[in-house]
Amino acid sequence: MAETLAALRSLMASRSPPLDALVVPSEDYHQSEYVSARDKRREFVSGFSGSAGLALITKDEARLWTDGRYFLQATQQLSDQWKLMRIGEDPSVDAWMSDNLPRDAAIGVDPWCVSVDTAQRWERVFAKKQQNLVQTSTNLVDEVWRNRPPAEINPVVVHPLEFSGRSVAEKLKDLREKLANEKARGIIVTALDEVAWLYNIRGSDVSYCPVVHAFAIVTLNSAFLYVDRRKVSSKVSSSMQDYGIEVREYGAVSSDVALLASNQLDQDTGVNSGRNGVCENDTCEAEENYNVLIWVDPASCCYALFSKLDANKVLLRQSPLALAKALKNPVELDGLRNAHIRDGAAVVQYLVWLDKQMQEIYGASGYFFEGEGASKKKPETMKLTEVTVSDKLEGFRASKEHFRGLSFPTISSVGPNAAIIHYSPQAETCAELDPDSIYLFDSGAQYLDGTTDITRTVHFGKPSAHEKACYTAVLKGHIALGNARFPNGTNGHALDILARIPLWRYGLDYRHGTGHGIGSYLNVHEGPHLISFRPQARNVPLQVSMTVTDEPGYYEDGSFGIRLENVLVIKEADTEFNFDDKGYLSFEHITWAPYQIKLIDLSLLTPEEIEWVNTYHSKCWQILAPYMDKNEIDWLKKATEPVLA
C-alpha cells in the first residue's frame with residue numbers, strides 16, 4: 001500500500017501542472033455500482049473492498065469517504081496510512097478539498113470515471129478558491145497497477161422475448177417518442193443495465209451482474225452499440241442488424257459522440273432505421289432540424305463524453321430508460337414471481353440442511369428449540385464456516401431452473417460479523433458458525449426470468465431477550481412497510497419512516513436505506529426509485545409494477561446484526577374510499593421463506609401483526625411445499641405453524 005501511494009504521488013508531481021490531489025472514485029466508465037476486477041481502482045489503492053466509496057490522495061494525506069453501510073468494514077480494512085471519512089458525519093469530499101487544499105490547487109481525476117453531476121458540482125465548489133479540476137489524459141492508478149487483471153472477452157447473449165416481454169423495436173419506438181417530445185435528436189446511453197435492457201442483451205462482464213461493457217447511442221433514425229466486437233457472435237450481430245442497430249467497437253464511442261455533437265453521426269452511417277422509430281425519411285430530417293438537443297443522464301454519463309458536447313445543446317436529465325426499465329411488464333413480473341418461488345425453495349432447503357448440521361456438529365438446540373449449545377466435540381474436517389455454508393446455499397440455488405449465478409456476493413455472517421452491514425466473508429479469515437450466536441445471511445441469485453434478493457436472520461441456540469426484542473422490532477418495521485397503503489405520487493422517502501418507528505421507540509436505528517428496486521435478470525440494485533431517508537428518495541414516486549425491497553435492520557458493533565428482507569411488487573390498492581381521486585397503492589410480497597418464530601418476542605406483536613405472520617407463513621407452506629422432499633416438508637410445516645399471542 002505504501003509503495004502504491006508513493007508511486008501515485010510521484011506521478012502526481014510529474015504532471016504539468018503538478019497535481020495537489022488525485023481523486024480515485026469507485027466507479028468505472030459507466031458509473032456502475034458494481035465493477036469488474038480490472039476497474040476496482042479504489043480498492044487497489046486503499047485496500048477497502050466495499051462497493052461504495054471514494055479515495056483522495058494528496059501530497060501527504062490519504063482519505064477515504066464511504067457511507068454508513070461500510071463504516072465498520074472500512075475501519076477494519078484501511079491501513080494507518082488512511083483516514084476514514086464518514087459520509088453524513090464528516091465534511092463531504094468536495095467541501096474538504098475546497099477547505100484544505102491550497103488556492104489554485106490542481107485536483108486530478110480520470111474524466112471517464114466521474115459523472116457529469118459530480119464533476120460539475122466539484123467545479124462549482126472549487127471555483128470559490130480558483131481551484132481546478134484537471135481531467136487526466138490517462139488513469140494514474142492504471143499506470144502503477146502491476147498485474148492489473150486483463151479485460152475478459154465474454155460473449156454477448158440475446159435475452160429472448162419469452163423473458164424480456166418486450167421487443168427491441170417496441171423499446172426503440174418508445175424511446176424515440178420521448179426524444180421527440182423533449183426536442184432531442186439523440187441520446188447517449190451509458191448505464192450498463194440500460195444498454196442491456198434496451199437492446200435485450202445480457203453478458204457476464206461484471207461479476208454478479210448479467211451486463212455487457214457497452215455504450216449505446218440512439219438518434220431519431222439510427223441506433224448504435226459500442227462493444228468489443230470479439231464478444232459479438234454472428235447470430236447476435238444479425239439480431240442487432242434486424243433492429244437497425246449498428247455494432248461498433250467499444251472505443252469508437254468517443255469519436256462518435258463528437259460526430260453526434262456536430263450532427264454528422266447519421267450522415268456518417270447512411271443508415272436509416274425509421275421503421276423502428278417514430279418518423280420516416282423526410283419526416284425524420286424535418287424533426288432533426290427541430291430537435292437539436294442531445295439527452296445525457298448527468299448521474300451515469302462520464303465527464304469525458306460530456307466534454308465532447310456543446311453544453312448549450314445538451315438535455316441534462318435522468319435517462320428515460322431508468323423509469324421504463326423499472327416499470328416491469330407482465331412477462332417480467334410473472335418471471336420475477338416464479339424466480340422468487342424457486343429461490344425461496346432453495347433458501348428453505350438450505351435452512352433445513354443447516355439446522356441439521358448445527359445440531360449434529362455443534363450440539364445446537366436447533367432452529368425450533370431454545371437451549372445452550374452442548375459444545376459438542378467435532379472433527380476439524382466437519383467445521384462449518386461462513387464461506388462453506390454460503391457455498392452450500394449457492395449449490396441449492398444452482399439446482400433450480402434458469403439459474404445463471406448469484407446476484408451479489410453472499411453476506412454470510414456470524415455474531416459480530418453480522419454487524420458489518422455489507423460483510424463479505426473470505427475463506428482465509430471468515431468465522432466458524434457458532435450455535436450461541438446470531439447468523440445473518442443476505443443473498444440472491446440471477447435467473448433468466450428474474451433477479452432475487454432475500455435476507456433472513458436466525459439463531460440455532462438460545463437467543464438473549466435483547467436479541468429477541470431487536471429482532472421483533474425489525475420484524476414490526478418490516479411488516480409495517482409491507483402493509484402500507486399510500487396515494488399515487490408518494491415517494492420512498494415518505495415511507496421509509498414506517499420501517500424505523502418500532503426501532504425508534506427503543507432509541508435504535510440503522511444506517512442504510514430500507515428498499516431498492518430489483519432488476520429483471522439485471523442488476524440487484526435498480527433505480528430510479530428507492531425507499532430511504534436519503535434526499536434522492538424524493539426524486540421518483542413509487543408506481544404500479546415497480547419492484548422494491550423491504551429490508552430494515554439493526555446492528556450492534558462487536559455483537560450481532562439483524563436484517564429481514566423481502567422483495568415487493570407495487571400494485572393498485574383496493575381501498576374503501578379514493579380521496580381526491582388519486583388512486584391508492586399497496587405492496588405484494590413475492591419472497592417466500594419463513595421468519596424464525598424462536599427469535600420473535602410474541603408479546604411485543606399486536607394481534608394484527610401475529611395474523612400477518614400466520615397468513616404469510618401459510619402462503620409459504622402452500623407455495624413452497626411442492627418443491628420439498630419428505631424431510632423438508634416436515635421441517636417447513638413446523639416452521640410455518642400458526643402462532644398464538
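What radius of gyration would a compact globule with 645 residues have, and what does the protein chain have? A compact globule of that length would have a radius of gyration near 26 Å, and the protein chain, at 26 Å, agrees with this. The model is predicted. Its secondary structure comes to 21 helices and 28 strands.

**Overall fold**

- Taken along the principal axes, the box filled by the C-alpha atoms of the protein chain is roughly 75 × 55 × 50 Å.
- Buried residues make up 59% of the 645 residues of the protein chain.
- Among contacts with a separation of 6 or more, 71% are between residues 24 or more positions apart.

**Helix H1**

- Helix H1 spans residues 2–14, which is 13 residues. The distance from its first C-alpha to its last is 19 Å, close to the 18 Å expected at 1.5 Å a residue.
- The buried residues in H1 are Thr4, Leu5, Leu8, Leu11 and Met12. They lie on the same side of H1 because they cover an arc of only 125° around the axis.
- Glu3, Ala13 and Ser14 are exposed, on the other side of H1.
- The cover over the buried residues of H1 includes three strands, namely E1 (21–25), E2 (54–58) and E3 (62–66). Helix H2 (41–46) and helix H6 (140–144) are also part of that cover.

**The loop between H1 and E1**

- Arg15 is placed in the loop between H1 and E1. Its relative accessibility is 21%, so Arg15 counts as partly exposed; the cut-off for a buried residue is under 20%.
- Beyond its neighbours within four places in sequence, Arg15 is in contact with Thr136, Ser137, Thr138, Leu140 and Glu143.
- Arg15 and Gly108 are 93 residues apart along the chain, and their C-alpha atoms are separated by 9.7 Å.
- Pro17 also has its place in the loop between H1 and E1. The peptide bond joining Ser16 and Pro17 is cis, with omega about 0°.

**Aromatic pairs**

- The structure holds 21 aromatic pairs. One of them is formed by Tyr350 and Trp353, which are stacked at 6.2 Å centre to centre with 20° between the planes.
- Tyr350 and Trp353 are separated by about one helical turn because they are three residues apart in helix H16 (residues 330–362). Both Tyr350 and Trp353 are buried.
- The pair of Trp592 and Tyr616 is stacked because the ring centres are 5.2 Å apart and the planes are at 20°; planes under 30 degrees apart count as stacked.
- Tyr29, Trp112, Phe215 and Tyr250 are linked into a cluster by ring pairs.

**Arginines over ring faces**

- Over the face of Tyr447 lies Arg342, at 5.1 Å from the ring centre.
- Over the face of Tyr510 lies Arg500, at 3.8 Å from the ring centre.

**Further backbone features**

- Gly527 and Pro528 are joined by a cis peptide bond, with omega about 10°. Pro528 is found in strand E23 (residues 526–531).
- Asn200 is not a glycine, yet its phi is positive, at about 50°. Its place is in the loop between helix H9 (192–199) and strand E9 (201–202). The relative accessibility of Asn200 is 5%, so Asn200 counts as buried.
- Asn263 has a positive phi near 60°, in a residue other than glycine. The loop between helix H11 (253–261) and helix H12 (265–269) holds Asn263. With a relative accessible area of 29%, Asn263 is partly exposed.

Conventions: Residues numbered from 1 in each chain as written. Predicted model: local features only at pLDDT ≥ 70, side-chain atom pairs only at ≥ 80, totals over all residues. Heavy atoms only, no water. Helix = DSSP H or I, 4+ residues; strand = E, 2+ residues; numbered from the N terminus. Expected span 1.5 Å × (residues − 1). Buried < 20%, exposed > 50% of the residue type's maximum accessible area, 1.4 Å probe, protein only. Arc of directions from axis to C-beta. Contact = heavy atoms within 4.5 Å. Phe/Tyr/Trp six-rings, centres within 6.5 Å; stacked < 30°, edge-to-face > 60°. Lys NZ or Arg CZ within 6 Å of the ring centre and 35° of its normal. Rg over C-alpha atoms; globule rule 2.2 N^0.38 Å.
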